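User: I'm new to this one and would like to learn how to read it. Could you take me through it step by step?

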Amino acid sequence: MSPENYLYLAALLFTLGATGVLLRRNAIVVFMSIELMLNAANLALVAFSRMHGNLDGQIMAFFVMVVAAAEVVVGLAIIVMVYRARHSASVDDASLMKL
């Protein structure tokens, strides 16, 4: 496969993730859509790295994975706390927790 095919796949995955973030109300689905968008960005970084013949994109993708792992920890903790307080994982219910 050529690197352009990987870029098309990354664009498709990013579009699916952005659609999930914009259209869904369940916090878990929104969270998974954000992870899909980060994985699409990683795929694009690695494809560009391969096109240019250096490892800079792969190193950058590694740092994006580290940030995504930290996001998983913080995001799931927030979702669990909202679920405990409201007994729902809806994004609309999270806005009720303001002071």
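User: Which helices each supply at least two residues of the lining of the largest pocket?

Analyst: First, some ground rules. This is a predicted model, where local features need pLDDT of at least 70, side-chain atom pairs count only at pLDDT 80 or more, and totals for chains, interfaces and linings use all residues. Residues are numbered from 1 along each chain as its sequence is written, and side-chain values use heavy atoms, with hydrogens and water left out.

Now the general idea: helices (H or I, at least four residues) are DSSP runs numbered from the N terminus, as are strands (E, at least two). A pocket is found on a 1 Å grid over the protein atoms alone, as an open set of points where a 1.4 Å probe fits, with protein on both sides within 12 Å along at least five of seven lines; lining residues have an atom within 4 Å of a point. Here, α2, α3 and α4 (91-94) each give at least two residues to that lining.

User: What is the volume of the largest pocket, and which lining residues are closest to its centre?

Analyst: A volume is the space filled by probe spheres set on the grid points, which are joined across faces, edges and corners. The largest pocket holds about 170 Å³. Twelve residues line it, and A27, G75, I78, I79 and V91 are the closest to the centre.

User: Which residues of α3 are buried?

Analyst: Buried means under 20% relative accessible area, exposed over 50%, and partly exposed in between (1.4 Å probe, protein chains only). In α3, the buried ones are G57, A61, V64, A68, G75, I79 and V82.

User: Is N42 buried or exposed, and what does N42 contact?

Analyst: N42 sits in helix α2 (residues 27-52). N42 counts as buried because its relative accessibility is 9%. Contact means heavy atoms within 4.5 Å. Setting aside neighbours within four places in sequence, N42 touches A61, V64 and M65.

User: And R50, buried or exposed?

Analyst: R50, also placed in α2, is exposed, with a relative accessible area of 55%. Beyond neighbours within four places in sequence, R50 is in contact with M1 and Y6. R50 and P3 are 47 residues apart in sequence, yet their C-alpha atoms are 7.3 Å apart in space.

User: How many aromatic pairs are there?

Analyst: Rings of Phe, Tyr and Trp (its six-membered ring) pair if their centres lie within 6.5 Å; planes under 30 degrees apart are stacked, over 60 edge-to-face and the rest tilted. There is one pair. F62 is partly exposed, at 48% relative accessible area.

User: Where does UniProt place the "transmembrane region" feature?

Analyst: UniProt positions use the numbering here, feature names are shortened, and annotations may be inferred rather than shown by experiment. The unreviewed UniProt entry puts that feature at residues 6-23, 28-48 and 60-83. In the model, residues 28-48 are 100% helix and 0% strand, with end C-alpha atoms 30 Å apart. Residues 60-83 are 100% helix and 0% strand, with 34 Å between the end C-alpha atoms.
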